[in-house]
4 protein chains.
Amino acid sequence: MIRAGIVGGTGYTGVELLRLLATHPEVELAAITSRAEAGTRVDSLFPNLRGHYDLVFTPPDASAFAGCDVVFFATPHNVAMQMVPELLDAGIRVIDLSADFRLRDAGVWSEWYGEPHACPELLAEAVYGLPEFNRAAIAGARLLACPGCYPTAVQLGFMPLLAAGVVDTGSLIANAASGVSGAGRQARIENLVSETSDNFKAYGVSGHRHLPEIEQGLSDIAGQPVQLTFVPHLVPMIRGIHATLYARLTGDVDLQALFEAHYADEPFVDVLPAGEFPQTRSVRGANVCRLAVTRPRQRDMVVVTAVEDNLVKGASGQAIQAMNIMFGMDEATGLRGVPLLP
Amino acid sequence: MIRAGIVGGTGYTGVELLRLLATHPEVELAAITSRAEAGTRVDSLFPNLRGHYDLVFTPPDASAFAGCDVVFFATPHNVAMQMVPELLDAGIRVIDLSADFRLRDAGVWSEWYGEPHACPELLAEAVYGLPEFNRAAIAGARLLACPGCYPTAVQLGFMPLLAAGVVDTGSLIANAASGVSGAGRQARIENLVSETSDNFKAYGVSGHRHLPEIEQGLSDIAGQPVQLTFVPHLVPMIRGIHATLYARLTGDVDLQALFEAHYADEPFVDVLPAGEFPQTRSVRGANVCRLAVTRPRQRDMVVVTAVEDNLVKGASGQAIQAMNIMFGMDEATGLRGVPLLP
Amino acid sequence: MIRAGIVGGTGYTGVELLRLLATHPEVELAAITSRAEAGTRVDSLFPNLRGHYDLVFTPPDASAFAGCDVVFFATPHNVAMQMVPELLDAGIRVIDLSADFRLRDAGVWSEWYGEPHACPELLAEAVYGLPEFNRAAIAGARLLACPGCYPTAVQLGFMPLLAAGVVDTGSLIANAASGVSGAGRQARIENLVSETSDNFKAYGVSGHRHLPEIEQGLSDIAGQPVQLTFVPHLVPMIRGIHATLYARLTGDVDLQALFEAHYADEPFVDVLPAGEFPQTRSVRGANVCRLAVTRPRQRDMVVVTAVEDNLVKGASGQAIQAMNIMFGMDEATGLRGVPLLP
Amino acid sequence: MIRAGIVGGTGYTGVELLRLLATHPEVELAAITSRAEAGTRVDSLFPNLRGHYDLVFTPPDASAFAGCDVVFFATPHNVAMQMVPELLDAGIRVIDLSADFRLRDAGVWSEWYGEPHACPELLAEAVYGLPEFNRAAIAGARLLACPGCYPTAVQLGFMPLLAAGVVDTGSLIANAASGVSGAGRQARIENLVSETSDNFKAYGVSGHRHLPEIEQGLSDIAGQPVQLTFVPHLVPMIRGIHATLYARLTGDVDLQALFEAHYADEPFVDVLPAGEFPQTRSVRGANVCRLAVTRPRQRDMVVVTAVEDNLVKGASGQAIQAMNIMFGMDEATGLRGVPLLP
């Protein structure tokens, strides 16, 4: 039995970790911390958990995790990097769902997050937790940086094309759309029902913090620098990310066969049959990314559409998938739930 | 291992049965039938099931269920009553999610459904499948009539009051609201997004088909005739039923204690602490009914609010709960999933 | 041309006043104030107003309204009562959309709002602005208290029954449901899309601030004390209120004829034909309340369903209707827009 | 006073025409036809129109429009082309909101719509009704083809770039998203709330019927053949289209100044200030297209975002705008309504 802890479990990645771990057969949740909610029962804040947990939030303090094998950070950026060194020193492995360890270059991190990085010396050791690209490194990681929600969908969608070298890497476009849970559980006017329901908009067009992460990841996959135009949009729904990816083909290739072969052995990537396209609800609540690839009117532009649940394969589910790998378990342990439809 | 079959699995109670049975450790799905979709793969119609089923819909024919221990009907009314006698004769137990066997009086059934009942001789044998009232009878049932979605919430909400005899049984009011999945997976203009989203309305005010079922059930509970005003409403959401119940108190009673005691041993009824009120999302995807009871301003009117997922505790989950009882398993087998929130 | 001012136009009743006044042929908007947004262009905060206003928010100061004929308060409670005396002294008429002057009893006001009333001496003069009950008094009002959104729908629904004296006044029930804009444009977690979309819940069951206002109004209509059980609910939609009203009939009456006669001359109350029921979308954006009355199964319970747009007939539209009356204009001036459907 | 008729007013473009014409000061609606709803009152089908129309649907027959100056077709394709010749012969001008006269090449029309065109001889005369490109021709049109909803947004977004010749015309991308009303008022399972709410998906990726219309229009604007990749998506909202357009810059240009200059005199195109991005709700119910142009990270890709209400500027409002031009009125007559927000 693995003893796990969670820092900052009051947001949506936190409650989703709790939901998934509640039925994970090999994990026991030892502690969960929150500065704001210390003393509150977990199931009082999140009524869906009634009957599943007796835990109470405790103050965020590394000592809360004594005896833990692994600690998850379900926090905004700039929290994990303050506590991680102490946990690692205590022999506890860390899975960080925030952005603190996703970029290898501390300067780039500072540029996008507007402050210096607190432990740049750990950036080289941190393992980027995308199992479909990095499985071996994940197995041995002490410090795991979970990919962001957009980056997961965009990288999985472009990966077969870049790995095969069949598209122009200088003009990639990712037009993505996310449900509102991606904005987190924070009281902001722009995320009220009255502001966001029955509405659709682009945001972060000039530059979204996920852009450098995605370009870093795509460049790793391609083995050469990649340039991406990334435009995220906000959809009036709770969960789900949909990425529509455009790339210029540089050679002739059987795209369907390429994608099916690339992901043939992946438990959590599902390439749809030719002619079908994914929808976000088909993955609601489950740790899967569904993909379709097509070439409209046989022109030289390839279009990939990819969906995931931003809170599962885009966050907490993927974190547990990585944990399973890190601790030598079957990668799918605790992640076999069926998407909720309708 | 129980071998199960499903008749008519193309609606929402059908896909929900499939979702829940996919992870039920003691059930193997042997056959699923549909006239309209015969030949179609189940996971082609419902993409959330990809990777979980290899089944193909077959034509509706009792022979499809040879060797089955139990058959579920996830059909509109007037289907089960045509096939049930043949299945019972073959020694197969039947769990009917439709309305065919819910009313004991064939005349009342005909009045509300506009046609004669096809096998009135089975009405006396059919067991009404509300475990919280009828657990012992369910265990021995050959033919089980699953309660409707509204009737489940309304009966569970009024049950402690009626069982204790502390309210006027002649003036009960059930003001209920349902998500749109309750209207089924049928192509009707009134259930389009453009007609129903950003909208709220009452319907069936003059008389809804669930009314005689609820009055029959409440009368059974009370041990005397009960009169109910029942007004259902349509909410622009997918899943969930919320019932707001009003009754005139005829005596003084500690309502919170009454409800907690009544449901103390029930695995799937959750009485909230005093001062908290349930919301439908807190049970999304799970087989639970959450309740609150209150007495506004200490006047003589008691208000009960109850929520359930209409497709789970209001339909397919409750059907599986009944199956577990019928086959002597732990009642919660396969039903321990955590509600999806957000 | 009437010169009007608005205090606090940054909420939803404020932007709705702006939308409606933009096309009112007899009103010129002279000033709009906001402490938080002073200096901001109105159309920068509310992009729907681009091309319709050149105004900038100014600090809240009575001097901003010099030369105005009327000032609207579109503020939370406890703002108007601080500024109203000074405006009245300056000969400016006031239309208050907040709760400050709705209750005639300062003690009751204090009990529900948790602080003393700042100018109790004005409560007797303030006119309750429900045109369908109070038209003559409105015409001469210096200080007008606009009814709340729930109180408007509930009073219009019960009014014909109470005026005719055909129901028991001691056991009225108002089961109401509101879109989320009723909660205002405030950053609160509970009104986020991820918290409220695909969800339904009751709130304020123990006692909502609109209860004393409704009971006061219904008692005025009935000419005797009235007791109401009031349970509001939150619907995942932006606009709209739906009230489902229950009353015990004390005599026989042709309900349809009663309602049609009562509202025959009202420009903004629409009694539906027998057998039809109103839906909130049928009044979206328009100053109308639609009603239906029915007697389910000819029992002694009458059910009235009423809808309005909470921001129009429930707030800003009704305020303009009252202004039209106060200034001797055709009551429907500027209020003839057609509801937006779908 | 212009006498107008409507063919097929039972869909969403029909009810929107009715809503807008109800307050148009220069139009009298003489007749409205529908095969399915002949004999039904218009306000019985669309309750938002109660109090605004006394009309009854009549059978679709050209004689119904005797004495009309203009007839609108708010029908699916393949209706207008059957009736238009007879109306034109009777001296009645026609404004067709369907696709029948949008493509100049009858062969291309047949290829995309799967049947021969019924009156190819009129294709050359039909005027494409995009005022911002074709105002002069519209003024003299007998037969007007209203642009589709997607084509309007996409053409208005690309127009300044193509007119200025500053982008590569061979690699344009239009990633667009539409509310569900764009799919029409037809009973189809895929547009049910339970199927579409809380969901996002691409559709028509291999080829959408609006593609040839858009490429024809963009080529007209550019004065040379243009190649477009067009991927539409379905958003869980009722109204609104959002287009995200990508083009490769071929020269240096002040994009903001280019767009502001191009649309300086347009009453219904609004270029947002630099740094702001449009959202669909900002145009809900109004005849306006709002645009933003940006160049992310100063790379060579320009991104234009454009929004419109698909039923107004994308259909019925634009049709009335064209009618105003055709009859020599102020182009904005009857179209000055303010968008509904929230």
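**Helix packing, domains and chain contacts**

In chain A, helix 6 (residues 149-164) packs against helix 10 (residues 312-326) at an angle of about 100°, and their axes lie 8 Å apart. Helix 6 of chain A is therefore roughly perpendicular to helix 10 of chain A, since angles of 65 to 115 degrees fall in that class. Helix 6 of chain A brings Cys149(A), Thr152(A) and Ala153(A) to the contact. Helix 10 of chain A meets them with Lys313(A), Gly314(A), Ala315(A) and Gln318(A). By class, the residues of this contact of helix 6 with helix 10 in chain A are 3 nonpolar, 3 polar and 1 charged. The model is predicted.

Chain A is divided into two parts, domain 1 (2-125) and domain 2 (150-309). Taken over C-alpha atoms, the centres of domain 1 and domain 2 of chain A are separated by 27 Å. The two domains touch: 9 residues of domain 1 of chain A are in contact with 7 residues of domain 2 of chain A. On the side of domain 1 of chain A that touches domain 2 of chain A, 5 residues are nonpolar, 2 are polar and 2 are charged.

The largest nonpolar core has 465 residues. Those with the most contacts inside this core are Leu144(A), Leu291(A), Leu144(B), Leu291(B), Leu291(C) and Leu291(D). The surroundings of Leu291(A) were examined beyond its neighbours within four places in sequence. There, Leu291(A) is in contact with Leu156(A), Gly157(A), Phe259(A), Val269(A), Asp270(A), Val271(A), Leu272(A), Pro278(A), Val304(A) and Ala306(A).

Ala315(B) lies in helix 10 (residues 312-326) of chain B. Ala315(B) counts as buried because it has 27 C-beta neighbours inside 10 Å, and the cut-off is 20 or more. Leaving aside neighbours within four places in sequence, the contacts of Ala315(B) are Thr13(B), Glu16(B), Leu97(B), Cys146(B), Cys149(B) and Asn310(B). Ala315(B) and Leu87(B) are 228 residues apart along the chain, and 21 Å separate their C-alpha atoms.

Val283(D) sits in a loop of chain D, between strand 11 (269-271) and strand 12 (289-294). Val283(D) also counts as buried, because 31 C-beta neighbours lie inside 10 Å. Not counting residues up to four places away in sequence, Val283(D) touches Val288(D), Arg290(D), Val307(D), Glu308(D), Asp309(D) and Pro339(D).

Towards chain C, 38 residues of chain B are in contact with 38 residues of chain C. Several elements of chain B each supply at least two residues of this side: strand 7 (172-178), helix 7, strand 8 (201-202), strand 9 (228-234), strand 10 (241-248) and strand 13 (301-308). The side of chain B that touches chain C has 18 nonpolar, 14 polar and 6 charged residues.

Towards chain D, 16 residues of chain B are in contact with 16 residues of chain D. Helix 7 (residues 193-196) of chain B gives the most to the side of chain B that touches chain D, with 3 residues. That side of chain B divides into 8 nonpolar, 5 polar and 3 charged residues.

Note on methods. Residues numbered from 1 in each chain as written. Chains lettered and ligands numbered in written order. Predicted model: local features only at pLDDT ≥ 70, side-chain atom pairs only at ≥ 80, totals over all residues. Core = buried A, V, L, I, M, F, W, Y, C linked by C-beta atoms within 7 Å. Buried ≥ 20, exposed ≤ 12 C-beta atoms within 10 Å, placed from the backbone. Axes fitted to C-alpha atoms, helices over the stretch in contact; angles between N-to-C directions. Helix = DSSP H or I, 4+ residues; strand = E, 2+ residues; numbered from the N terminus. Parallel < 35°, antiparallel > 145°, perpendicular 65-115°, else oblique. Nonpolar A, V, L, I, M, F, W, Y, C, P; charged D, E, K, R; others polar. Domains from an automatic or database assignment.
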